[in-house]
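Here is a protein structure to explore with a few questions and answers. Have a look at it before reading on.

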Amino acid sequence: MPTSNDTFPRLLTEIDDLTRPDHSWLGAADQCLFLGEYTARKGFSFSATNQIILNFKKAADRRGRAEWRYKEQAIAEVGQAFGTALNPAWLGAATLVPMPPSKARTDPLYDDRMVRMLRAIPAVNPLDIRELLIQGQSMAAAHDADVRPTPDTIAAGYSIDEELAAPAPTLIGIFDDVLTTGAHYVAARRVLSRRFPGAKVLGLFIARRAPETSDFSVFFEPPDDE
Amino acid sequence: MTLEMNLASTAATHLGISPQREMGAYEALWDENGASFKTIFEKLTRRPDTVPSDLVEPSRAEQYRLLVSEAMAKAKVSRYGVRVFGAGEYPGKLRDADHPIALLYYRGWWDLVNSRCVAVVGTRSPSTEGQKRARQLVKALVKDDFTIVSGLAKGIDKVAHETAIEEKGRTIAVIGTPISYAYPAENKELQERIARDFLLISQVPVKRWQNQGPKQNRIFFPERNITMSALTEGTIIVEAGETSGTLVQARHALKQGRKLFILDSCFNNPSITWPHRFADEGAIRVREYADIQRHLSPPAH
């Protein structure tokens, strides 16, 4: 139960030796940062981070309902939070790339929350926001799949939007909501590094998924999304 | 002349904080002369958004990080985490302490911190009756879905943790030694069990603790009681003598705006005066379990 002074973190935290084992696909060379820790299956009231994540990820079929405004609020809040946490020099130099939504643009459940969040980051000069990664066809959300996809299978579904490729980025921040195993990040990093070999790539997440209390279902049941 | 004036802030040199870098910096701060929870808190709050690594040379923080990693490896502690004041998911409720701790170590399942927590504490040498009361109390609290928090000392603490586990409840131990060390030794197995299946928390700096003797390290026991109180909705004292360390927790519980419960049997003991003293200051005298229930938060749906 969050207390009155339980707030969404203001600083980014790096994945380091203490937390990397929770994200099995990440290696020591992967530079990933996150704001909060999301605790799956605990609901909105569990923590400020849970509330932000669950509102942010509200499914696109809720559009038009009264609750939709909480999603819009969460998108604005996360944009503000990244704006505060990331230093202006980095923001000015980086190309901000949203992780592609699992649904293709033509899918009714297509959700562009990530790119809208990036546009909500306050900045003096326009930011270089580019949807460089394209998801070829709608993927089943990770939890619907029989076998959890590996970075290789995920990468096979990604392509680069060549219309946005110039000028070649030198510093890329891949933005996603929740870091779970890291498979999607590693896939995206590979595809971008292959196309832009000189660019430094890092991952920025609203939250990382926290390990849960003796909850062995985590071994059988993939997390709710990635 | 202050060192921190010469260091660039975390925001300027790194995109984010690194828990292990903060851990090294915390240990380095503790290895300075006159360091205490109070002095470190004061340094951290002199300027907004300061984290331990803003106050320590990076090479020094790295040196201490390595020392702690080695100590943990030697103690066969393979997985542990830290929480950092001002960053990550530092528990907001710890800010109610006099001098909120700059960093804490944990092993186990952090999400227990956000459950409904109540502390059950008392003397290291309880009467048979006292042990029985502790067991009954914990059974009732577990049934009401509370997480039982205690200090893993001998006596009442041990009974509280063990009963919570036997009753298939949840428990958190806030200990006065580093997470890599068990005191008393007889509780080692219980400590490992809690670290594996529940949550073990310590604010004790590993290097400082290793470098000084048991006499100097005694200070960490009452300090952890302050943290234990802050983490919980309330503290229940089962049985305690006039000079018990438990009374530190009683005092801080009231100061932090937490509920303080004292079992009726304590009031009936003519050789102690503390129950009446705390009752005058707002502690709740517990004649039946319902006296506790009505002062704590209702269960979640």
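**Looking around the model**

A:P9 is buried, with a relative accessible area of 6% (buried means under 20%, exposed over 50% and partly exposed in between, using a 1.4 Å probe and protein chains only). Keep in mind that this is a predicted model, where local features need pLDDT of at least 70, side-chain atom pairs count only at pLDDT 80 or more, and totals for chains, interfaces and linings use all residues. Residues are numbered from 1 along each chain as its sequence is written, chains are lettered from A and ligands numbered from 1 in the order in which they are written, and side-chain values use heavy atoms, leaving out hydrogens and water.

Q: Which residues of chain B does A:P9 contact?
A: A:P9 sits in the segment before β1 (13–14) of chain A. Contact means heavy atoms within 4.5 Å. Leaving aside neighbours within four places in sequence, A:P9 contacts A:L35, A:G36 and A:T49 in chain A, and in chain B it contacts B:G88 and B:E89.

Q: How many helices and strands does chain B have, and how does its radius of gyration sit with the globule rule?
A: Helices (H or I, at least four residues) and strands (E, at least two) are DSSP runs, numbered from the N terminus. Chain B has 14 helices and 9 strands. The radius of gyration is taken over C-alpha atoms, and the globule rule is 2.2 Å times the number of residues to the power 0.38. For 301 residues the rule gives 19 Å, and chain B is close to that, so it is as compact as a globular protein of that length, with a radius of gyration of 19 Å.

Q: Is B:T227 buried or exposed?
A: You'll find B:T227 in helix α10 (residues 220–231) of chain B. Skipping neighbours within four places in sequence, B:T227 is in contact with B:L94, B:I101, B:V174 and B:Q203. Its relative accessible area is 4%, so B:T227 is buried.

Q: What is omega for the cis peptide bond that joins B:Y183 and B:P184?
A: Find B:P184 in the loop between β5 (170–175) and α7 (188–197) of chain B. The cis bond joins B:Y183 to B:P184, and omega is about -5°.

Q: What is the relative accessible area of B:D49?
A: B:D49 is in the loop between α3 (37–45) and α4 (58–74) of chain B. Its phi is near 55°, a positive value in a residue other than glycine. B:D49 counts as partly exposed, with a relative accessible area of 46%.
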